[in-house]
Amino acid sequence: MQNKLDFTDRSGGGISRHLFDNVIFLGPTLIFLFAILIYPLIYSLYVSFHDWKLVSTVPPKLIGFTNYINALKDPLFWNALRIQVTFILIAIPLELIIGLLVALLFQVEFFGNRIMRTLLLIPFFVLPSLSGLMWRFMLQPRYGLIGNIYYLLNMEPVDWLSNPRLTFLAVILQDIWRTWPFMFITLYAALSNFPKELKESAEIDGANKIQVFLKIILPLLTPAIVVACFLRLIDALRIFSEVYVMTEGGPGHATTFLSIYIYKNAFRFFNIGYANSMGYMLTIIALLISFYALSKIYKEELS
Amino acid sequence: MKKVFVISILKWILLFFILFFFLFPIYWLVITAFKPSQDWFSWPPIIIPRQLTFENFTGQSRGFEGSLSSSIENIVPYLRNSLIIALITSAICTIISSLAAYSIARFKTGGRRLASWIVSIRMLPPIATVLPVYLLFKNLRILDTWLAVILVHLVFTIPFSTWVLISFFNGIPKELDEAAYIDGASVWKTFIYLIFPLSAPGVAAMATLSFIMSWGEFLIALILTSSVKSQTLPIFLGRYITGFRIAWGPLAAAGLVIMIPVIIFSFAMQRYLLRGLTFGAVKY
């Protein structure tokens, strides 16, 4: 099955010949995306220029860029951004390393290879919200799994979810636990597509395992690593449900990621104009990253 | 032969540790779902249960004072909401996106620009889209209905499914279409009787995946719903966990109910799922 998009027209006549059919083929998707995506995004821009309260009898007031300026002055906004960046910088490299090591482990054929691979994928298929719930449960000091570890070590249990640093660590651990199989299976798939002769010929030439890895495997693997990291980056930028269920952004503001801070502003403090302005900034960050990455990664596919 | 055998054993031991470490949280959830109520809060926590029970599923566990839910019975309306929303989302998404994908794959409508625009929709943070949608739906008075959730779920499933289906349709030789045209079939007939059946595995995979995406979605449903009328199962669980003294047994049981279909479908559709998740960048 080929994955490449082929945009050369061989149907003879192409768009003009099928104009009417195309309206029906593409129409529903385009109308739909316009109504529920593009229009709301434009409306969001409009809302973000207003002092707009969710539950209030006072009509929204046009205030220009004030919401954006307030956000840039808001220490909690910067705090959320800092948490987001720290999280990305710690979690994604660790996921990559674990995924890569396990993927390499699977390169030599052994008995039970397939079933092991399948079992390792299970955490990846656990829904984020359920994963947050499970971790919250495990971290209960008295009756959770963590309590058991403290018991075995003969120590008084510590409540992770009331300590800011440990809570942040727990969110990272949760994320690594759930998503490293994605890195693993992506890199495993890429590794399996390499020609075997390449490695063998290098070994015949006297290269040791580490040399083979650094000089041959790693350069060939780089495109897959970039794609996997990019997709994880996009997901990490909008992390919400697992954190919401696990910590609700607390204790204090220790795990208030951007999405959670925006959510709280809109539905706890009812300041939806302000929330929209921050949402817009998040959208722009995500789109800049994805346009840049897509133009690099999918260059051959899209041209 | 002998060397291979020794390597196999060593790997198994190493992998067994990895597996044990990473699958333990799931094991914990599963045994909690089957623990009788007196074992939920025992000290030290019980790792290997002495006694298993179905009470948490059937709703016979007594619970205790202050617990918010003592049986899985409460989840029935939420289960209904989840099922209806996910089924309708999946059905509409499959129809709309296969039409769009066919047009993009065969007639190159919109060319590269339209295709990359569709991919980039997946990159949008949902919170930014759902805030204005909340305000618009509030004016239309359709908040807290199945329709509201379905419409927004579709925004995130259609681009995903269209993108993957484009590559499926590209895999079907163009000569087949052309032969059908020469025999006098219209574009529609060709699509319905020829292309659709030929790409049935791909279409079925996308239907399943959009079902899973909608089934497990949290943020959109959290914002757009507010009552038992339309709240989905993940929201129900997420809401009750914040209560004091949570009845962990029934919660874990409800968690299993959410998780099992996802895991079964995901494994059945593993290949397509991974291709979709990497947007075809990695062939698996």
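## Asn265 of chain A

In this predicted model, Asn265(A) belongs to helix H12 of chain A, which spans residues 258-267. Its relative accessibility is 5%, and Asn265(A) is therefore classed as buried, the cut-off for that class being under 20% relative accessible area.

Leaving aside residues up to four places away in sequence, Asn265(A) has contacts with Phe270(A), Asn271(A), Ile272(A), Tyr274(A), Ala275(A) and Met278(A).

## Helices H10 and H13 of chain A

Helix H13 of chain A covers residues 272-297, and helix H10 of chain A covers residues 209-237. The two pack at an angle of about 170 degrees, and their axes are 11 Å apart. Because angles over 145 degrees count as roughly antiparallel, H10(A) and H13(A) are assigned to that class.

On the side of H10(A), the contact is made by Val226(A), Val227(A), Phe230(A), Leu233(A), Ile234(A) and Leu237(A). Their partners in H13(A) are Leu282(A), Ile285(A), Ala286(A), Ile289(A), Ser290(A), Ala293(A), Leu294(A) and Ile297(A). By class, the residues of this contact comprise 13 nonpolar and 1 polar, with no charged residue.

## Domains of chain A

To the contact between them, domain 1 of chain A contributes 5 residues and domain 2 of chain A contributes 5 residues.

## Composition and surface of chain B

The secondary structure of chain B consists of 13 helices and 0 strands. Read from the N terminus, the order of elements in chain B is α-α-α-α-α-α-α-α-α-α-α-α-α.

Of the 284 residues in chain B, 61% are buried. The chain exposes about 11600 Å², of which carbon and sulfur atoms supply 69%. When contacts in chain B between residues at least 6 apart in sequence are considered, 72% of them join residues at least 24 apart.

## Helices H8 and H9 of chain B

Helix H8 of chain B (residues 187-198) packs against helix H9 of chain B (residues 200-216) at an angle of about 75 degrees, with the axes 5 Å apart. The range from 65 to 115 degrees counts as roughly perpendicular, and H8(B) and H9(B) are therefore placed in that class.

Phe196(B), Pro197(B) and Leu198(B) represent H8(B) in this contact, where they meet Ala200(B), Pro201(B) and Val203(B) of H9(B). The contact of H8(B) with H9(B) has 6 nonpolar residues, no polar residues and no charged residues.

## Positive phi values in loops

Most residues other than glycine have a negative phi. Glu248(A), a residue other than glycine, has a positive phi near 55 degrees. Glu248(A) is located in the loop between helix H11 (241-246) and H12 of chain A. With a relative accessible area of 27%, Glu248(A) is partly exposed.

In chain B, Asp144(B) has a positive phi near 60 degrees and is likewise a residue other than glycine. The loop that holds Asp144(B) lies between helix H5 (126-140) and helix H6 (146-170) of chain B. Asp144(B) counts as buried because its relative accessibility is 9%.

Notes
Residues are numbered from 1 along each chain as its sequence is written. Chains are lettered from A and ligands numbered from 1 in the order in which they are written. This is a predicted model: local features need pLDDT of at least 70, side-chain atom pairs count only at pLDDT 80 or more; totals for chains, interfaces and linings use all residues. Side-chain values use heavy atoms; hydrogens and water are left out. Axes are lines fitted to C-alpha atoms, for helices over the stretch in contact, and angles run from 0 to 180 degrees between N-to-C directions. Helices (H or I, at least four residues) and strands (E, at least two) are DSSP runs, numbered from the N terminus. Angles under 35 degrees count as roughly parallel, over 145 as roughly antiparallel, 65 to 115 as roughly perpendicular and the rest as oblique. Contact means heavy atoms within 4.5 Å. Ala, Val, Leu, Ile, Met, Phe, Trp, Tyr, Cys and Pro count as nonpolar, Asp, Glu, Lys and Arg as charged, and the others, Gly among them, as polar. Buried means under 20% relative accessible area, exposed over 50%, partly exposed in between (1.4 Å probe, protein chains only). Accessible areas come from the Shrake-Rupley method with a 1.4 Å probe; for residues, only the protein chains shown count as cover.
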